[in-house]
Amino acid sequence: MVDLRLNRRLVLTGGALTVAAAATPVLAAPQSRAAYGGLRKTIAVDIFRATEAVGGSVTADGMTAMLTQALVEDGRFLVVEGGGAMEASAIVRGAVTKYEAAAGGGGMSISGGPLGGLLGGRASTRNQTAVIEIALRLVDTTTGQVISTSSAEGRASSRTSEAGLVDNWGGARLGGEIFRATPIGQAGQDAIVRAVDQIAAGMRNVPWSALVVDVAANGVYLNAGADRNVQPGLSLSVWRPGRTLTDPRTGEILDVEMSRIGRVQVETVRDRLSIASIIDGEPPMRGDVLRTD
C-alpha cells in the first residue's frame, strides 16, 4: 500500500491564515531487477474498461498507461502498440471493478483562540484510504482463447488537513478546507505492481513465437532480433497456420490448426530482425510461425 505524507506551508490571504497540506507520495525504493536474458515474448495492452461509476475514460486511460509502462520497465516482455499489437503473442484486457476514492478513515478537530482571543482557530485532520480493484484477462492472439484470469487490488492512504481561522467578533469564517486528497491514482499504481507478476505467471503458458517476414536466397527473415534477446545459433520450429475453427454462434476463435513443416537456425541478429538458415523441411513462407524447439 502506498502512503501519502504531508508537506505543510503557511499562507496568508485576505487576512486569513491558512495551513496548507499537500499529499506527497512516499514510495519505496524500486527493487533492482537483474537484466532479463531470456527470449522476450511480445505482449499488448488493450484499453481498460471503466464505467462512469469508476471514473470513466480518465481512469481507463490512466490505468492503461500505467500498466503499459510497468510491463516495459519489467524487462521480460516486448510491449507492442498500435498496428504491431496484432502481432503480439498475447494481449491483456483489463477492467476496473472497484473504485473507492475515500474508502474509510478517521480524524480529529481542534478549536480555540490562539491569537489573544481576537481570532478563534479551527483545525481538522482526516486520514483517507483509496481503493481500486482491477480484473485482468490474458488472451492468446493466435487462438483468441483466454490463457489466464486474475485480479489485483491497490490501496493508498493520505492525510488531509484543514485549518481555518474564524473572526470571533463577527463569527465569519475566514478560511476553509484547502486540500482534499484523492489518492486513487496511487492506489491504481499499487494494483498495477501486483498485476505485473500475475501477468508474467500467465505468460509462462504462452510459447515464444516470431513470424517469417520474407524468404530470400541468403536466408529466412524473422521479425525478432536483439530487441527480443535472440542470439545466433537459436533453433526454431516452423509452423504453418491452417484452418481457423470458430464457434458458429459467437464467432469466437476456438483453435487454429498448425502444421510443423521444418526447422531453421538463426545465423545473423540485427536490432529488430534476424536471418536464419533452413536446417530441414520445406522452405518457409511469409506469415509462417516460428517457435522454440
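**Reading a pocket, a strand and a helix**

Q: How much space lies in the second largest pocket?

A: Rolling a probe the size of a water molecule over the atoms shows where empty space is left. In this predicted model, the second largest pocket holds about 610 Å³ of space. It is lined by 28 residues, and those closest to its centre are Glu-87, Ala-88, Ser-89, Ser-209 and Leu-211.

Q: Which elements give two or more residues to the lining of the second largest pocket?

A: They are strand E9 (209–216), strand E12 (253–269) and strand E14 (289–292). E9 gives the largest share, three residues. Sorted by class, the lining has 13 nonpolar, nine polar and six charged residues.

Q: Which residues lie on each side of E3?

A: In a regular strand the side chains alternate between the two faces of the sheet. In E3, Lys-41, Ile-43 and Val-45 are on one side, with Thr-42 and Ala-44 on the other, and all are buried. Five of the five residues of E3 (residues 41–45) are buried, so the strand is largely enclosed by the rest of the structure.

Q: In which sense, parallel or antiparallel, do E3 and E4 pair?

A: E3 and E4 (residues 77–79) pair in the parallel sense, over three bridges. Thr-42 is opposite Leu-78 of E4. With H1, the two strands make a right-handed β-α-β unit.

Q: What should the 19 residues of helix H1 span?

A: At 1.5 Å a residue, H1 (residues 56–74) should span 27 Å, and its end C-alpha atoms are 27 Å apart, which agrees. Its buried residues include Ala-60, Met-63 and Leu-67. Just after H1, Gly-75 takes a positive phi of about 90°.

Notes: Residues are numbered from 1 along each chain as its sequence is written. This is a predicted model: local features need pLDDT of at least 70, side-chain atom pairs count only at pLDDT 80 or more; totals for chains, interfaces and linings use all residues. Side-chain values use heavy atoms; hydrogens and water are left out. Helices (H or I, at least four residues) and strands (E, at least two) are DSSP runs, numbered from the N terminus. The expected span of a helix is 1.5 Å times one less than its number of residues. Buried means under 20% relative accessible area, exposed over 50%, partly exposed in between (1.4 Å probe, protein chains only). On a 1 Å grid over the protein atoms alone, a cavity is a set of points where a 1.4 Å probe fits but cannot get out, and a pocket is an open set with protein on both sides within 12 Å along at least five of seven lines; lining residues have an atom within 4 Å of a point. Grid points are joined across faces, edges and corners, and a volume is the space filled by probe spheres set on the points. Ala, Val, Leu, Ile, Met, Phe, Trp, Tyr, Cys and Pro count as nonpolar, Asp, Glu, Lys and Arg as charged, and the others, Gly among them, as polar. Two strands pair if DSSP finds at least two bridges between them. A crossover is right-handed if, with the strands pointing away from the viewer, the path from the first strand over the helix to the second runs clockwise.
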